[in-house]
Amino acid sequence: MWFGAFAMAHEETPDVLFQRRSKVLSPSYYHHYDEPLHAVRAQGVTIWDQAGKAYLDCYNNVPSVGHCHPHVIDALTKQASAINAHSRYLHDTIVTYAERVLETLPAELDMCVFACSGTEANALAYDIARTVTGHRGVIVSEGAYHGNALAVGDFSIYRGGASATPEFARAIPVPPSEETGVDGRAFADQTAPVAADLGRSEFGLAMAMIDSIFDAPGIFTAPSGYLARLAEIVRSQGGLLVMDEVQSGLTRLGDNMWGFMDSGIVPDIVTMGKPMGAGYPLSIVAAKRPIFEAFAETRQYFNTFGGTPVAGAVGNAVLDVIEGENILQSVGQVGRDLTAGFESLRQRFDCLGQARGKGLFHGIEVISDPRSRQPDRMKATEIVNDMRRAGVLISACGMFGNVLKVRPPLVFSQRDADQLLTTLERVLGQNERN
Ligand code: PMP
């Protein structure tokens with residue numbers, strides 16, 4: 001029967017599936033956990049493996065409103081059954097979606113275009129910045145990741161094997177997270193000579209691209225005044241400020257819809273991705289109208305799968321859930337519980353350093369001991385694997401790979417937070433005894 005191979009696939013052990021995977025998928029296709037997870041079904045914040053074991057998902061931000069949300073699936077299947085085509089025909093789903101997304105942004109950001117991934121959105125933002133400013137230079141933060149295509153991969157310093165930063169890009173230090181109370185304006189001042197140097201060079205300064213949660217470098221929130229001062233510096237060299245909301249957007253940080261809003265700034269361009277389509281590939285570039293108008297003078301933009309009727313229907317359904325289920329409020333509340341919980345664990349366990357982040361995006365440093373405070377990547381990896389065995393999925397990130405990363409679907413509840421914190425406490429206790 002045609003479905004025979006599929007049925008068999010479900011019966012094989014994860015080891016056998018892993019061997020098959022290793023034979024055909026490039027080794028650069030990274031996987032999680034020393035015992036890779038064979039995930040076969042998911043709902044809300046739960047993932048089940050092939051043996052029927054349930055895991056609390058504290059890692060995935062793509063199924064933003066929860067795995068397999070019925071409202072999203074309904075919208076997707078209904079639209080896919082009516083028509084799905086490119087964005088050169090008129091269709092109301094995508095116009096309504098554009099209107100709704102723009103309503104959530106500061107009024108100055110009043111136009112957008114659609115793409116399929118964060119990489120594409122950032123590559124387009126860079127293309128726009130280059131075209132509009134006539135410059136080529138880029139400022140990013142140390143350890144930043146903005147995508148995998150050549151255009152943005154060149155300045156995605158985080159990518160494994162860290163090749164040298166290209167001549168047209170400069171990396172600036174990641175600011176200490178806002179919990180430290182550091183003066184963000186003063187910290188941003190050190191960017192001025194870097195921007196001036198690039199401005200004077202043959203490249204000029206086209207843009208600074210900043211991830212509002214500094215995820216890849218290890219999860220830091222922008223201290224007060226940092227982004228405002230950075231914007232002044234970048235604009236004084238004729239560049240644009242591009243905020244990458246691929247990670248931090250859609251209520252993730254708990255106070256506002258978009259992470260940069262916590263700083264009260266208005267960027268020139270904003271890019272959005274990952275969580276927008278709850279698993280359907282959907283990304284957005286929003287910018288001030290004069291920027292898009294200047295870009296359109298010399299450039300056309302078309303993206304076959306960007307902005308289809310189905311993308312619009314799914315995007316609208318995700319926004320319905322965000323609004324209808326009061327997600328922003330709940331992310332804020334659960335986030336405060338998590339902050340308190342991680343802080344208390346940090347005080348009790350010597351292997352934990354700083355606990356950073358907010359809303360449903362947290363990073364907890366794992367260190368060798370409280371005196372030397374050396375990043376301990378091995379211990380972080382052990383904790384991540386022990387948590388997986390205990391039925392809770394997290395990961396590790398950061399420039400030294402030692403920051404426990406907690407970034408669950410946005411529908412994560414107080415009860416889920418309790419389960420995460422209790423399990424982490426148990427795992428840390430066992431780890432301490434070993
Ligand atoms: N920007 C940031 C901040 C990201 O974290 C990522 C992906 N992890 C991207 C851009 C690229 O997004 P995508 O994988 O959808 O291309």
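## Two individual residues

Histidine 135 is found in the loop that lies between α5 and β5 (137-141), in a model that is predicted.

Glutamate 365 belongs to strand β12 (residues 361-366). Its relative accessibility is 18%, and glutamate 365 therefore counts as buried, since that class covers values under 20%. Glutamate 365 and aspartate 386 are 21 residues apart in sequence, and their C-alpha atoms are 16 Å apart in space.

## The ligand and its surroundings

The residues around the ligand are Ser117, Gly118, Thr119 and Asn122, then Tyr145, His146 and Gly147, and finally Asp211, Asp244, Val246, Gln247 and Lys274. Sorted by class, this shell holds two nonpolar, seven polar and three charged residues. Helix α5 (residues 118-133) gives the most to the shell, with three residues.

For aspartate 244, an N or O atom in the side chain is 2.7 Å from a nitrogen atom of the ligand. The ligand taken alone exposes 390 Å², of which the protein buries 83%.

## Strands and their pairing

Four strands make up an open sheet with mixed pairing, and their order is β1-β2-β3-β13. The edges are held by β1 (39-43) and β13 (392-393), each of which has a single partner strand, so that one side of each is left without a neighbour in the sheet. The strands β1 and β2 (residues 46-49) run antiparallel and are joined by four bridges, with arginine 41 standing opposite tryptophan 48 in β2.

Strand β4 (residues 109-115) is mostly covered, given that five of its seven residues are buried. Six bridges connect β4 with strand β10 (residues 283-288), and the two run antiparallel; across this pairing, methionine 111 stands opposite alanine 287 in β10.

## Helices with a buried face

Which residues of helix α10 (residues 289-298) are buried? They include Ile291, Phe292 and Phe295. When α10 is seen down its axis, the buried residues fall within an arc of 95°, so they line one face of the helix. Pro290 and Glu297, on the other side of α10, are exposed.

In helix α8 (residues 191-200), the buried residues are Thr191, Ala195, Ala196 and Leu198. Viewed down the axis of α8, these residues fall within an arc of 165°, and they therefore line one face of the helix. The face of α8 that is turned away from this buried side carries Pro193 and Arg200, which are exposed.

Note on methods: Residues are numbered from 1 along each chain as its sequence is written. This is a predicted model: local features need pLDDT of at least 70, side-chain atom pairs count only at pLDDT 80 or more; totals for chains, interfaces and linings use all residues. Side-chain values use heavy atoms; hydrogens and water are left out. A residue is near a molecule or strand if one of its heavy atoms lies within 4 Å of it. A polar contact is a pair of N or O atoms within 3.5 Å; within protein, one must be able to donate a hydrogen and the other to accept it, and residues adjacent in sequence count only if both atoms are side-chain atoms. Accessible areas come from the Shrake-Rupley method with a 1.4 Å probe; for residues, only the protein chains shown count as cover. Ala, Val, Leu, Ile, Met, Phe, Trp, Tyr, Cys and Pro count as nonpolar, Asp, Glu, Lys and Arg as charged, and the others, Gly among them, as polar. Two strands pair if DSSP finds at least two bridges between them. Buried means under 20% relative accessible area, exposed over 50%, partly exposed in between (1.4 Å probe, protein chains only). The arc is that of the directions from the helix axis to the C-beta atoms.
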